[in-house]
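Please find below a colleague's note, written to be read with the sequence and the coordinates open alongside.

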Amino acid sequence: MDPAPTPLPPEPWGPPGVASEPEWYLHRSRLDDLIVRLQGTDARVLQLWDAAGSGKTTLLAGWARRLAAEGADVRWMTGTDLVTARDPDAVWRLLAPTLALQAFRGAPSDVPRTDTALRYVFIDDVDLPTGPDESGPSIPDGWWPMISLAPPDLRIIVAGRRRPGTGTAPLLAAGVLLDCPGEILAFTLEETLDLAAQRHLRLSTEHAVALWRNTGGWATALTFALAGQGQDREHPDPSPAGDSGITATGITDTGVGLPGFSLTDIDGATPAVTDYVAAEVLDGLDDDQRDILMRSAVSFLVPLELAVRVTARSDAGEVLERVSRSNGMLVRVPDVSHASAAVRSGAVTSGTGSVDSSAETRVAAGEAYRFHPILLSYLQAAARGHDADATTDRHVLACHWFSERSDGAAALHQALHTRDTALVGETLDRFGLALVLTGDTDLVGRALRRLDTPVPSTAALALRVLLDAPAFAARRRAHQLLAAAGDTAGWSGFSPQRRHALWPAVIEILHALLAVEPADVVKRLHALQGHRVGEAARLDLAIDLLTGMAEGRCLDRLGLPGPAEDILRDVAESARMAGYSWLFLVASDLAATAVAHAGRWLQVAMLESQMAESPAPPSAADQVGSRAVLYTMIRRYERCQPLDVDVVERLSSHPHLAYDAGVTVPAQVLLLLNGFDTDPHSRRTMDALMLLMREVGADHPRSLSLCCVPLLEVSGALDGRPETQAVVRLVESVLGEESLEALLLRFLSVPPTRAGHPAEERLREAALDERTARRGSTMVSAWIALSHVAELSGRHVESDARLLRALRLASQFGTERAFLAVGGQGAALIRSRLGRLGDLDEFARHTLRCAARVRPNARGHGADAGRSSPKLTQREREVLRELPVHQSVADIARKRNVSPNTVKTHLRNIY
């Protein structure tokens, strides 16, 4: 019989080094809530199992500090403290003296206790080896059923790397045991940003996403990445996070992290991380297990059947299962058929709690194993260093395996790993079209860059143009690529015979999307209805939907918005049901444009809401996510809600989106418009916006419509009303002289009088005809301007009616910002009528709150503000300063380098 263990003396309530809270410690409320749950009446034990370096000890120490600060009785132990315990009774005999507990083994359960405060014991690293040749939990499995006999005031928190083999199921069923989900310790994206801020570092959203994805939120890798980044820990910077100067590569002005690596480079192949993974994460694995892991690590999610193929081991599943039970960085996924379907719909979350839509997670149905990003990159680097040719062969095999199961994204990703241009081209030729339509544009773009060969295939040329659709920022390049694609259409390239017949149809579709001139549009529309495209559309759903989108676009260009809308909305709905996310968003955007041409603005608002609500990954690095985020940001701007400026900046300049002007140009416009909120009279912002709209406004009329009133207002404030004619001419040339935008700008550029406005009736007629506007917000602005003129003319009843119409349209379209324009003209009209607006009164109050939040120092707080003229512009003030000096108008004009007529105009405005 083993001698009774010697009672342990009471230990400090925390491990060495973290008994007091470190400066860098980050409180995560979602994890702190776990210890709160343990304080309930049923739970007695909380178990936390995760891989080495996941932050278990740090979290437990934080909990212990919190409980000790609240006055609780807290003790800290580790698995090595229990080495002498060989059976459950010995474990309890060891624990009891330390905690001054009752000898509960022989004590009746109904014996009352004098103290009712909860007491806690933390047992960290409970599964440390008990000897040089042993592994597994130090506490015998038989101790788990005995927990239900523990005193009701005792709470035990157990942490380790390997889950116990048996004994926990009855406790879980009874609610006595709280089992933390696997990988719960992984940092989320928001927590990654908070962790950087805790260390006085600023990370852009783009770099944070890259760091978070590469590390999988693993605490040790994040610590390595952020360690020493721009901060002297002896003298912390008291300034807010963001002043330390993270550069585009993650290196700061005052320090670096791991030598030779930027923040976004950190992964399992980084030397410091590699050493840790080898020494800690893979500790205890034999050579055979390591070899199976290395050879099977071809993807984040590896189906069991594929693992057997690439390892040439029929027992690969047994080995992977053993490793997964003892290593939190390898997780068995029991039913991948559900996971795959959910990933395609954007609903699967990775271990970090994030949507994981990477191509490598899309696998065929069946059991599979998921590799942590750090472990995967470590194993892939190790495999290539060990035998590069064999590693390439395994990726080739995996590519064919996924291709046989029609998983194009996973197949293309494997092809890119092989560095085999022919295999990349063959895979892209077969799956590239569907991948673009589903939204894997970043993956297709990487493959196309790999195929920069002197004689690219027809598929590669067509896909390059398709990635630029439908905005086509470089139309000449698009025409040139399509011409080259037509020249290579007779060469089969990588295509099987059936696929070869489809790419000429794609080229015809792209020609139709590119067409602008009416004669060319009619010609291309007839080609779409011809035999070649029709036969391809009959064989392939993707071709059929693309054909419908091109037909709708052509009909809208020919002035038939009704039929165009019908086709485009049908295409969008069909694309959504088929999982073609990119096609859904593009077709919906074109449908919204057609509906706007028909003047049905409620339908436009509905379509824009659907697009904004489209699922998007946190990074939004592909076209689908970027378009969805863009629509969301535009709606936020028009609703006076705060923008995520970092996200909009990334959308405006992200290199992977350079081919999609439909995203980058509106994002640039939105970014510049948002700048007026902080500096309403910024000449630099106005000049940049004017230049952008002169260059590309014709290709982005809805963006021009969004910024036309702000441009007129800022131009008038800086240079006077005569200079606003440049804005008017720009809008007239792009949107048409009879567009509501052009009529509104001409109306606003002439100051109203108490006798009315000469263009009032013309603007009212145009505002009633909703087909003349490019955005719903323009209609709201038009009715605000008409209400203002009626107010000045003393027609208060008419002014009330027009304001009510503006409010009702704004509430339907979600365009509160229109009331902030022209010096807050609309807000002033509302303010003088609060309480008399009926069912719109609450929306009116909400609009005023928006105005106060966005423009807190704006004029127009009095009841008469709506009747007041705008304040003097800079040019008008300059002329005003000349008046006390005896000089003629011509003298002032020569001094100010303007014409005498301009001086006279300034004088009229002043008076």
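The numbered points that follow take up helix faces and packing, aromatic rings, charges over rings, and some backbone details.

1. The model is a predicted one, and the values quoted in this note should be read with that in mind.

2. Helix 22, which runs over residues 531-539, has V533, A536 and A537 as buried residues. Viewed down the axis of helix 22, these buried residues fall within an arc of 100°, so they line one face of the helix. On the face of helix 22 that is turned away from the buried side, one finds the exposed residues H531 and R538.

3. Helix 29 (residues 661-678) and helix 31 (residues 701-719) have axes that come within 10 Å and cross at roughly 30°. Because angles under 35 degrees count as roughly parallel, helix 29 and helix 31 are described as roughly parallel to each other. As to handedness, helix 29 passes helix 31 in a left-handed crossing.

4. The count of aromatic pairs comes to 4. One of them joins F224 and Y276 in an edge-to-face arrangement, with 6.4 Å centre to centre and 75° between the planes. This pair links distant parts of the chain, since F224 belongs to helix 7 (residues 219-226) and Y276 to helix 8 (residues 271-281), and the two are 52 residues apart. F224 counts as partly exposed because its relative accessibility is 23%, and Y276 counts as partly exposed as well, at 24% relative accessibility, given that buried means under 20%. Ring pairs also bring in W218, which forms a cluster with F224 and Y276.

5. A further edge-to-face pair is formed by W401 and F402, with 5.2 Å centre to centre and 85° between the planes. Are W401 and F402 buried or exposed? Both W401 and F402 are buried.

6. Two arginines are placed over aromatic rings. R28 lies over the face of F187, at 3.8 Å from the ring centre, while R65 lies over the face of Y25, where the corresponding distance from the ring centre is 4.9 Å.

7. A reader checking the backbone may wish to look at the peptide bond from A469 to P470, which is cis, with omega near -5°. P470 is located in the loop between helix 18 (458-466) and helix 19 (475-487).

8. Which phi value does S406 have, although it is not a glycine? The phi of S406 is positive, at about 60°, and S406 is found in the loop between helix 14 (388-404) and helix 15 (408-418). C640, which is not a glycine either, has a positive phi of about 65°, and its place is in the loop between helix 27 (623-638) and helix 28 (645-653). C640 counts as buried because its relative accessibility is 2%.

9. Finally, L768 is located in helix 34 (residues 760-768) and is partly exposed, with a relative accessible area of 42%. Between L768 and L740 there is a separation of 28 residues in sequence, and their C-alpha atoms are 10.0 Å apart in space.

Notes
Residues are numbered from 1 along each chain as its sequence is written. This is a predicted model: local features need pLDDT of at least 70, side-chain atom pairs count only at pLDDT 80 or more; totals for chains, interfaces and linings use all residues. Side-chain values use heavy atoms; hydrogens and water are left out. Buried means under 20% relative accessible area, exposed over 50%, partly exposed in between (1.4 Å probe, protein chains only). Helices (H or I, at least four residues) and strands (E, at least two) are DSSP runs, numbered from the N terminus. The arc is that of the directions from the helix axis to the C-beta atoms. Rings of Phe, Tyr and Trp (its six-membered ring) pair if their centres lie within 6.5 Å; planes under 30 degrees apart count as stacked, over 60 as edge-to-face and the rest as tilted. A charge sits over a ring if NZ of Lys or CZ of Arg is within 6 Å of the ring centre and within 35 degrees of the ring normal. Axes are lines fitted to C-alpha atoms, for helices over the stretch in contact, and angles run from 0 to 180 degrees between N-to-C directions. Angles under 35 degrees count as roughly parallel, over 145 as roughly antiparallel, 65 to 115 as roughly perpendicular and the rest as oblique. A crossing is left-handed if the near helix is turned anticlockwise from the far one by less than a right angle, and right-handed if clockwise.
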